[in-house]
Amino acid sequence: MKNLIYLCLAVCMATTAGFAQKITDKDLQGTWNLVALDALSSQGIYLDLANNDVKFSEEAEAQAPPEALAQAKESMGPTIDMLKQMKMIINGNEIKQSIPGDEQTGVYSIVNEEDMQKLKIIYADGTGDNVEFYMKDKKLHVNLGEDGLFIYSKEQ
């Protein structure tokens, strides 16, 4: 009988935790600034925009001499400055993504697929995206696969 009670409690806690992690449209409303780009798994690089830092994967560090890595970090300065200006603005079901010189607008919906939430975006030009997203440490993570994990912080 005790085991049955513990099992029921565990199921209830797991269910509550699952619902607590779901992101709603209300959570997404506002202006989001890009603070990091994690492309370690696909490209071997992590751009920490908030701290103007570049980190390389262990594999990249093992293959390249320290001078080459230092030069690569230095050459990333303009890219970091440009990416710092990247914003995602969500108002209602409208989404606007902007980076200097380029802007995309569209509408989005939240869909649940394969036990994960995804943003289904239809852009004004008719193209679309269907990307995984989640919140972690009060930051919005948008997984663009090979292009990396884009990490946003909400403007206050």
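## Strand residues, core and pocket

Ser 98 is located in strand β5. The model is a predicted one. With a relative accessibility of 18%, Ser 98 counts as buried, because the cut-off for that class is under 20%. Apart from neighbours up to four places away in sequence, Ser 98 makes contact with Gln 85, Met 86, Lys 87 and Glu 103.

The wider fold comes next. The protein contains 6 helices and 10 strands. It has 156 residues, and 29% of them count as buried. The accessible surface amounts to about 10,200 Å², with 53% of this belonging to carbon and sulfur atoms. Where contacts link residues at least 6 apart in sequence, 41% of them join residues at least 24 apart.

The largest nonpolar core holds 29 residues, and the members that touch the most others are Leu 28, Leu 47, Met 88, Leu 140 and Tyr 152. Strand β1, covering residues 30–39, contributes the most to this core, namely 4 residues.

The largest pocket has a volume of about 260 Å³. Its lining is made up of 17 residues, of which Met 86, Gln 97, Gln 104, Leu 144 and Tyr 152 are the closest to the pocket centre. Tyr 152 is also among the residues named above for touching the most other members of the largest nonpolar core. At least two lining residues come from each of the strands β5 (94–99), β6 (102–113), β7 (116–123), β8 (128–136) and β10 (149–154).

Which residues does Glu 132 touch beyond four places in sequence? They are Met 116, Gln 117, Lys 118, His 141, Val 142 and Asn 143. Glu 132 itself belongs to strand β8. Asn 143 sits in strand β9, residues 139–143. Outside its sequence neighbours within four places, Asn 143 is in contact with Val 131, Glu 132, Gly 148 and Leu 149. Two C-alpha pairs involving these residues are listed below.

| Pair | Separation in sequence | C-alpha to C-alpha distance |
|---|---|---|
| Glu 132 and Val 142 | 10 residues | 6.1 Å |
| Asn 143 and Phe 133 | 10 residues | 6.0 Å |

Glu 132 counts as partly exposed, at 23% relative accessibility. Asn 143 counts as partly exposed too, at 28%.

Two loop residues remain. Asp 115 occurs in the loop between β6 and β7, and its phi is positive, about 60°, although it is not a glycine. Is Asp 115 buried or exposed? Asp 115 is exposed, since its relative accessible area is 82% and the class begins over 50%. Lys 138 is in the loop between β8 and β9. The phi of Lys 138 is near 60°, again a positive value in a residue other than glycine. With a relative accessible area of 76%, Lys 138 is exposed.

Note on methods: Residues numbered from 1 in each chain as written. Predicted model: local features only at pLDDT ≥ 70, side-chain atom pairs only at ≥ 80, totals over all residues. Heavy atoms only, no water. Buried < 20%, exposed > 50% of the residue type's maximum accessible area, 1.4 Å probe, protein only. Contact = heavy atoms within 4.5 Å. Areas by Shrake-Rupley, 256 points an atom, 1.4 Å probe, with all protein chains shown as cover. Core = buried A, V, L, I, M, F, W, Y, C linked by side-chain atoms within 4.5 Å. 1 Å grid on protein atoms, 1.4 Å probe; cavity = no way out; pocket = protein on both sides within 12 Å on 5 of 7 lines; lining within 4 Å. Points joined across faces, edges and corners; volume = space filled by probe spheres on them.
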